[in-house]
Every structure is written in C-alpha cells, then in structure tokens.
Amino acid sequence: MWVQFGFRVRSPYVACMNDQPRILFVCLGNICRSPLAEAALRAAAEREGVAMEVDSAGTSDNHVGASPDSRAIAEAKRQGIDISRYQGRQLKTQDFTRFTHIFALDHNNLADIESLAPADRKCRIQLLMDSVPGKNGHAVADPYYGDENDFSRTWDDVALAADALVERFKR
Ligand code: 4NP
C-alpha cells in the first residue's frame with residue numbers, strides 16, 4: 001500500500017509478491033555458523049547494493065533466545081561486524097513459505113530441513129557451499145568443539161558463499 005509520503009509500506013502481501021530474495025541460513029544451534037553466514041551475506045549485499053531479506057535459524061531448540069557463541073561474536077568483530085545482538089531461534093514450518101531460499105550449512109542440517117519441509121513448499125533448499133564454484137558438496141565444518149582458527153575457517157567459507165549469492169541475486 002502507498003502512504004501519504006509516497007513510499008511503500010511492507011505488508012505481508014507485498015512481501016509475498018515482490019521478487020526480492022528472502023534467504024534463510026540453517027545450522028544446528030544457530031549460534032556459530034548460520035549467524036556468521038547471515039552477517040556475511042548482510043554485509044556483502046549492502047556492499048553491492050543488492051536488496052534481500054536475510055535471517056538464520058537452527059534445527060535444534062537448544063539455543064533459542066541465546067546470543068551467538070562468543071567465538072562467533074569475536075570472529076564477526078574481527079570482520080568489523082557486530083552480531084552480539086543476534087538471538088538464536090529454531091527453524092519453523094512458516095519458514096518454508098516466508099523464505100525463497102533455505103541454505104543448509106552441512107549435510108545433517110540439509111537432511112533435517114528436508115524432513116521438516118512440507119511437500120508443497122515453494123522455497124529452494126540447498127547445501128550452502130553448492131553455491132560456490134569448486135565447493136560443490138562441501139559442508140561448512142562445525143566449529144563448536146574447535147578453537148578460534150576454526151571460526152576463522154567458518155568465516156572464510158561463509159564469506160565465499162555470501163559473495164557467490166550476491167552475484168547470483170544481482171542478475
Ligand atoms: P552451530 O554450532 O550449529 O554452527 O550453531 C553448534 C552449536 C551448538 C552445538 C553444536 C553445534 N551444541 O552441541 O550445543
């Protein structure tokens with residue numbers, strides 16, 4: 001709908017009808033990999049001026065409402081991004097209609113997402129690194145039981161994927 005100042009207000013109807021990509025990243029806990037993927041894509045999309053909605057979720061409910069892992073916050077900070085106010089949430093069935101694309105960080109996440117997905121879903125569900133040339137079939141390794149070097153490797157993977165997604169959605 002249009003308001004008196006002439007800009008368009010986002011209504012749910014408009015959100016359904018526009019073709020702006022709506023991207024959801026999904027890992028297990030939503031405190032390590034998917035918040036970093038969300039941050040990387042938000043930053044890349046802003047840098048390139050590509051409009052998209054970006055969010056993240058976990059397949060488990062273990063960290064609902066929690067801040068990202070302190071090592072993920074630290075890695076994002078090294079990249080100049082503050083993710084300290086992100087909050088963990090669990091993947092829900094409405095996500096399959098709200099988002100145009102759901103990206104799984106690893107193969108277990110992909111299987112769990114597929115098992116929740118309604119048969120008539122319209123959104124595309126893919127392994128994230130399948131979007132990166134040369135990384136087809138690769139998982140973003142879980143850094144939870146690792147150290148800060150593992151979180152840096154997570155960032156390297158999700159930043160590559162973010163660049164590839166921005167290129168894909170620019171067109
Ligand atoms: P994430 O990492 O799926 O990348 O957020 C993990 C976070 C928490 C746990 C495992 C992985 N956990 O076992 O609590």
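Is Gln126 buried or exposed? I took this up before anything else. At 16% relative accessibility, Gln126 counts as buried, because the cut-off for buried is under 20%. I kept in mind that I was reading a predicted model.

**Entry: Gln126 and its surroundings**

I placed Gln126 in strand S4. I then listed its contacts, leaving out residues up to four places away in sequence. Gln126 touches Ile102, Phe103, Ala104, Leu110 and Arg168. Ile102, Phe103 and Ala104 turned up again when I looked at strand S3, where they are buried.

**Entry: the whole chain**

I stepped back to the overall layout. I counted six helices and four strands in the protein. Along the sequence they follow the pattern α-β-α-β-α-α-β-α-β-α. The protein has 171 residues, and 46% of them count as buried. I checked contacts between residues at least 6 apart in sequence: 68% of these join residues at least 24 apart.

I went through two of the pairings. Strand S1 (residues 22-27) pairs with strand S3 (residues 101-104) in the parallel sense, over four bridges. Leu24 stands opposite Ile102 in S3. Val26 stands opposite Ala104 in S3. On to the next pair: S3 and S4 also run parallel, joined by four bridges. Ala104 has Leu127 as its bridge partner in S4.

Next I asked which residues of S3 are buried on each side. His101 and Phe103 are buried on one side. Ile102 and Ala104 are buried on the other. Both faces of S3 are covered. I noted the general rule that side chains in a regular strand alternate between the two faces of the sheet.

**Entry: helix H3**

Which residues of helix H3 are buried? I found Ala72, Glu75 and Ala76 buried in this helix, which spans residues 70-78. Seen down the axis of H3, the buried residues fall within an arc of 100°, so they line one face of the helix. On the other side, Ser70 and Lys77 are exposed. I looked up what lies over the buried residues of H3: the cover includes helix H2 (33-48) and H6.

I then checked both ends. At the N-terminal end, Asp69 caps H3. A side-chain oxygen of Asp69 lies 2.8 Å from the backbone nitrogen of Arg71. After H3 comes Gly80. Phi of Gly80 is positive, near 80°.

**Entry: two loop residues**

I turned to Asn30, which sits in the loop between S1 and H2. Phi of Asn30 is near 60°, a positive value in a residue other than glycine. Asn30 is buried, with a relative accessible area of 4%.

I then moved to the loop between S4 and H6, where Gly137 has its place. How is Gly137 classed by relative accessible area? Gly137 comes out as partly exposed, at 39%, because that class runs between the buried limit of 20% and the exposed limit of 50%. Leaving out residues up to four places away in sequence, Gly137 touches His107, Leu127 and Asp130.

Notes
Residues are numbered from 1 along each chain as its sequence is written. This is a predicted model: local features need pLDDT of at least 70, side-chain atom pairs count only at pLDDT 80 or more; totals for chains, interfaces and linings use all residues. Side-chain values use heavy atoms; hydrogens and water are left out. Two strands pair if DSSP finds at least two bridges between them. Buried means under 20% relative accessible area, exposed over 50%, partly exposed in between (1.4 Å probe, protein chains only). The arc is that of the directions from the helix axis to the C-beta atoms. Contact means heavy atoms within 4.5 Å. A polar contact is a pair of N or O atoms within 3.5 Å; within protein, one must be able to donate a hydrogen and the other to accept it, and residues adjacent in sequence count only if both atoms are side-chain atoms.
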